[in-house]
Amino acid sequence: MIGAVVNFSSLDTILKARVAHHDPGFLAWGRNLFQVVYLCALMPVFGPGRMLRTRRPVVQTARGLLLVLSTIFVVLALRVMPLAQTYAIGFSTPLIATAVAAIALGERASPARWTLIAVGFVGVLAALRPDAPNAGAYLIYPVAMALSNALYHVLTRYAGRDEDPLAMLFHAGFFALLFSSLALPWAWQRMAAGDWALLAVGGAFGTLGHLLLIKAFRRAPTAVISSMLYTQIVTASLLGYLVFGDVPTIPTLLGAAIVAASGFAIIHSRA
């Protein structure tokens with residue numbers, strides 16, 4: 001999951017860098033296009049059956065729709081809000097995912113694990129201090145992103161019990177591409193070759209990230225895996241500094257330490 005987070009942060013950094021020049025719907029379409037292209041290129045290696053065969057087509061369709069929504073909402077948020085602030089609000093994903101998984105999948109999280117998840121969220125707030133001057137109604141975007149991500153996590157955990165990871169990856173990307181293509185008549189834009197290259201790199205990050213995400217959810221409960229999303233504060237601080245010149249503050253470093261301690265405790269929790 002931590003590997004997935006690194007890839008998603010890298011993808012989001014590329015999207016943030018390009019959203020000032022391109023339509024969010026077009027970027028979401030391009031990101032999904034490259035995921036499907038990469039998987040089709042790998043199909044002869046792994047075999048069409050592994051990627052095309054699914055026992056849960058309805059669930060895979062829903063995952064594709066949620067993937068589109070998550071991408072569009074994060075791009076809309078990043079267009080008007082800083083990377084750190086967007087992540088701070090989006091970090092409510094583990095709490096939402098744990099609650100939904102408890103109801104839908106019967107994965108009951110203990111009071112101790114709930115406490116550790118909440119402590120991790122406090123660490124995020126301490127590090128990022130997500131006040132929102134001038135953000136106004138735009139705050140709905142990262143909130144909607146968190147909800148979409150949480151539902152995606154729960155469905156991934158549910159389907160991952162008896163689905164091939166490559167099939168889950170392909171179907172999510174395929175249906176996401178299908179849904180995002182509906183907006184092309186209004187979202188299509190011309191892009192320079194350099195922008196296409198960046199989007200191709202972002203698609204690679206997204207594809208690898210989702211493969212790691214699927215493998216993670218096949219091996220551990222939702223409460224454990226989703227809570228590792230908090231480690232995104234570390235990659236967000238590093239990428240923010242390298243790409244956008246944002247220097248990590250003392251509160252950021254303190255919050256990162258709290259997040260790391262919380263995540264370590266959740267991994268080793270047996271309750």
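The legends below describe close-up views of a predicted model.

**View 1. Confidence of the prediction along the protein.** The protein has an average pLDDT of 83, and 92% of its residues score at least 70. Among its elements, helix 9, which covers residues 165-181, has the highest mean pLDDT, at 92, whereas helix 5, which covers residues 83-90, has the lowest, at 71. Where pLDDT is low, the predicted coordinates should not be read in detail.

**View 2. The aromatic pair of F170 and F174 in helix 9.** Searching the whole structure gives eight aromatic pairs, and one of them joins F170 to F174, whose rings are stacked with 6.1 Å from centre to centre and 10 degrees between the planes. Both residues belong to helix 9, where they are four residues apart, or about one turn of the helix. F170 has a relative accessible area of 8%, which is under 20%, and therefore counts as buried. F174, with a relative accessible area of 35%, is partly exposed, because this value lies between 20% and 50%.

**View 3. A cluster of aromatic rings.** Ring pairs connect F26, W29, F34 and Y38 with W188 and W196, so that these residues form a cluster.

**View 4. The packing of helix 9 against helix 11.** Helix 9 and helix 11, the latter made of residues 193-217, pack with their axes 9 Å apart and at an angle of about 135 degrees. Helix 9 is therefore oblique to helix 11, since an angle counts as roughly antiparallel when it is over 145 degrees and as roughly perpendicular from 65 to 115 degrees. The crossing of the two helices is right-handed. Helix 9 contributes P165, L166, M168 and L169 to the contact, while helix 11 contributes T207, H210, L211, I214 and K215.

Technical notes:
Residues numbered from 1 in each chain as written. Predicted model: local features only at pLDDT ≥ 70, side-chain atom pairs only at ≥ 80, totals over all residues. Heavy atoms only, no water. pLDDT = per-residue confidence, 0-100. Phe/Tyr/Trp six-rings, centres within 6.5 Å; stacked < 30°, edge-to-face > 60°. Buried < 20%, exposed > 50% of the residue type's maximum accessible area, 1.4 Å probe, protein only. Axes fitted to C-alpha atoms, helices over the stretch in contact; angles between N-to-C directions. Parallel < 35°, antiparallel > 145°, perpendicular 65-115°, else oblique. Left-handed = near helix turned anticlockwise from the far one by under 90°. Contact = heavy atoms within 4.5 Å.
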